[in-house]
Amino acid sequence: RARMRHAELPQKYLTHTEKVCLRRVFGHLDLEHDGRLDAVELREAMRLEGILIGTSEAEQMIWEVDESGRGSLSITEFANAYIRAKNDAEAKEPRRLYNYITYKMMDKNSDGDITSDEVFSYVYPQMSKAEVEQLMIKMFGDVVPDDRSINAMNYVRIMQSRLWSRDASAISDQRHNRPPITVPERQKTIHEKNEEARKIVEAAIAREQTGLHTEKEQTLKLLRKAQ
């Protein structure tokens, strides 16, 4: 299949926002920072987000859009894969990597969720007002949703697509298996420390009084017996 090279792509194919987002996403996935994205990096980047895929799935996602045959993608090949799928009205281009790229482009802070603001800022330069409103209603149930967000799996379901191929049944959302984040213990205020000390003193006094009362009762019992 003929491939569109970077030099053949007019500027109209990418908005300024898309260019910035594509570079950000590529830099996030290029874990070795060598300017190329391979299957191991793609799999590991997705694993760090809590999404597990096998090595073969990651290799297929790269292979489908690999222009040079090197088994890895440059930033140009990465962008070309996005552009071809975006402008493919007949749905003949591979879309597994494209769908993951668009998800990552929307998720600006890489927290695993897409907020309504993130979606709006991504799609607004690319769509008409009517298309934007239709998409926002489809994803969030309202044209101007308040502080709503969706995760990767919900995004895929809503868009009636998948991040991976139909036969990739082993892929699952594993974000619940993320390692726990250690949260520093909150420091107690002076008031809380004083209150805690007061309770300790009160408890000690109460124990002492209870002990004295018990000792007194035992002494009286012995005196009664002696009489």
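1. Glu67 is buried, at a relative accessible area of 14%; buried stands for under 20%, exposed for over 50% and partly exposed for what lies in between, with a 1.4 Å probe and protein chains only. The model is a predicted one, in which local features need pLDDT of at least 70 and side-chain atom pairs count only at pLDDT 80 or more, while totals for chains, interfaces and linings use all residues. Residues are numbered from 1 along each chain as its sequence is written, and side-chain values use heavy atoms, with hydrogens and water left out.

2. Glu67 has a charged partner. Arg84 forms a salt bridge with Glu67, with 2.8 Å between the closest N and O atoms; the term covers a side-chain nitrogen of Lys or Arg within 4 Å of a carboxyl oxygen of Asp or Glu. The pair links distant parts of the chain, 17 residues apart: Arg84 is in helix α4 (residues 75-86), and Glu67 is in the loop between α3 (55-63) and β3 (72-73). Arg84 is also buried, at 5% relative accessibility. A network of salt bridges links Glu67, Arg84 and Glu93.

3. By this rule there are nine salt bridges. One of them joins Arg47 and Glu44, whose closest N and O atoms are 2.7 Å apart. These two residues are separated by about one helical turn, because they stand three residues apart in helix α2 (residues 39-48). Both ends are partly exposed: Arg47 has 42% relative accessibility and Glu44 has 24%.

4. Another salt bridge is formed by the side chains of Glu195 and Arg198, at 2.3 Å from N to O. Glu195 is partly exposed at 26% relative accessible area, and Arg198 is partly exposed at 37%.

5. The secondary structure consists of nine helices and six strands. Here helices (H or I, at least four residues) and strands (E, at least two) are DSSP runs, numbered from the N terminus. The chain has 227 residues, of which 34% count as buried. Of the contacts (heavy atoms within 4.5 Å) with a separation of 6 or more, 57% are between residues 24 or more positions apart.

6. Helices α2 and α3 pack with their axes 8 Å apart, at an angle of about 120 degrees. The axes are lines fitted to C-alpha atoms, for helices over the stretch in contact, and the angles run from 0 to 180 degrees between N-to-C directions. From α2, the residues Ala39, Leu42 and Arg43 meet Thr55, Ala58, Glu59, Met61 and Ile62 of α3.

7. Ile62, in helix α3, is buried at a relative accessible area of 1%. Apart from neighbours within four places in sequence, Ile62 is in contact with Leu37, Asp38, Ala39, Leu42, Gly71, Ser72 and Leu73. The C-alpha atoms of Ile62 and Ser72 are 6.5 Å apart in space, and the two residues are ten apart in sequence.

8. Val119 sits in helix α6 (residues 116-123) and is buried, at 0% relative accessibility. Not counting residues up to four places away in sequence, Val119 touches Met106, Ile114, Leu135, Met136, Met139 and Phe140. With Met106, 13 residues away along the chain, the C-alpha separation is 5.7 Å.

9. Val144 is in the loop between α7 (129-140) and β5 (149-151) and is exposed at 60% relative accessibility. The chain as a whole exposes about 14,700 Å², and carbon and sulfur atoms supply 53% of this area. Accessible areas come from the Shrake-Rupley method with a 1.4 Å probe; for residues, only the protein chains shown count as cover.

10. A backbone point remains. His33, a residue other than glycine, has a positive phi, near 55 degrees. Most residues other than glycine have a negative phi. His33 lies in the loop between α1 (16-29) and β1 (37-38) and counts as exposed, at 66% relative accessibility.
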